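The definitions are given where each term first comes up.

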Amino acid sequence: RAVFEAIWQALKPVSMAEVRAAVIEDTLHLADLWLSERSAAEVAGGIDVLGDPVEVTFDDEGRLASPV
């Protein structure tokens, strides 16, 4: 949650649709990742999209919750 709050505060986007972001497990596991819609649009054709966009949610501990 802190990362997304930092993005919001630092970049001051008008909406989340403007945010370019990626979430990865770690740099050794780049095959699967979450991209913001803006980032996914910029690499269209170079990636396989495995699902529809989902809203970013957090669990009670403040950790990014998996939509799966």
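**Notes on the predicted model**

1. Strand 2 (residues 29-35) supplies the largest share of the nonpolar patch, namely three residues; here helices (H or I, at least four residues) and strands (E, at least two) are DSSP runs, numbered from the N terminus. The patch as a whole covers about 540 Å² of surface and is made by Ile 24, Leu 30, Leu 33, Leu 35, Val 43, Ile 47 and Val 49. Patches are made of residues with over 30% relative accessible area and no salt bridge, with like charges joined within 9 Å and nonpolar side chains (Val, Leu, Ile, Met, Phe, Trp, Tyr) within 5 Å. Accessible areas come from the Shrake-Rupley method with a 1.4 Å probe, and for residues only the protein chains shown count as cover.

2. Before going further, please keep in mind that this is a predicted model, in which local features need pLDDT of at least 70 and side-chain atom pairs count only at pLDDT 80 or more, while totals for chains, interfaces and linings use all residues. Residues are numbered from 1 along each chain as its sequence is written, and side-chain values use heavy atoms, with hydrogens and water left out.

3. As to the overall plan, the chain contains two helices and four strands, and read along the sequence these follow the pattern α-β-β-α-β-β. Of its 68 residues, 10% count as buried, where buried means under 20% relative accessible area, exposed over 50%, and partly exposed in between (1.4 Å probe, protein chains only). The chain exposes about 5800 Å², of which carbon and sulfur atoms supply 55%. Among contacts (heavy atoms within 4.5 Å) between residues at least 6 apart in sequence, 20% join residues at least 24 apart.

4. Ile 47, one of the residues of the nonpolar patch, is found in the loop between helix 2 (37-42) and strand 3 (57-58). With a relative accessible area of 33%, Ile 47 is partly exposed.

5. Strand 1 and strand 2 run antiparallel and are joined by four bridges, two strands being taken to pair if DSSP finds at least two bridges between them. The link from strand 1 to strand 2 is a hairpin through two residues. Ala 22 is found in strand 1, and its bridge partner in strand 2 is Leu 35. When neighbours within four places in sequence are left aside, Ala 22 is in contact with Leu 33, Trp 34 and Leu 35. The C-alpha atoms of Ala 22 and Ser 36 are separated by 6.4 Å, although the two residues are 14 residues apart along the chain.

6. Which residues are linked in a network of salt bridges? They are Arg 20, Arg 38 and Glu 42, and the count comes to two salt bridges under the rule that a side-chain nitrogen of Lys or Arg lies within 4 Å of a carboxyl oxygen of Asp or Glu. One of them brings together the side chains of Glu 42 and Arg 20 (2.7 Å, N to O). Because Glu 42 lies in helix 2 and Arg 20 in the loop between helix 1 (2-11) and strand 1 (22-26), this pair ties together parts that are 22 residues apart in sequence. The side chains of Glu 42 and Arg 38 also meet in a salt bridge (3.5 Å, N to O), and here both residues lie in helix 2, four residues apart, about one turn of the helix. Glu 42 is partly exposed at a relative accessible area of 45%, and Arg 38 is likewise partly exposed, at 30%.

7. A pair of serines deserves a separate point. Ser 36 lies in the loop between strand 2 and helix 2, whereas Ser 39 lies in helix 2. Are they buried or exposed? Ser 39 is buried, with a relative accessible area of 12%, and Ser 36 counts as buried at 15% relative accessibility. Their side chains are joined by a polar contact of 3.1 Å, that is, a pair of N or O atoms within 3.5 Å, where within protein one must be able to donate a hydrogen and the other to accept it, and residues adjacent in sequence count only if both atoms are side-chain atoms. Not counting residues up to four places away in sequence, Ser 36 touches Val 19, Arg 20 and Ala 21, while Ser 39 touches Arg 20 and Ala 21.
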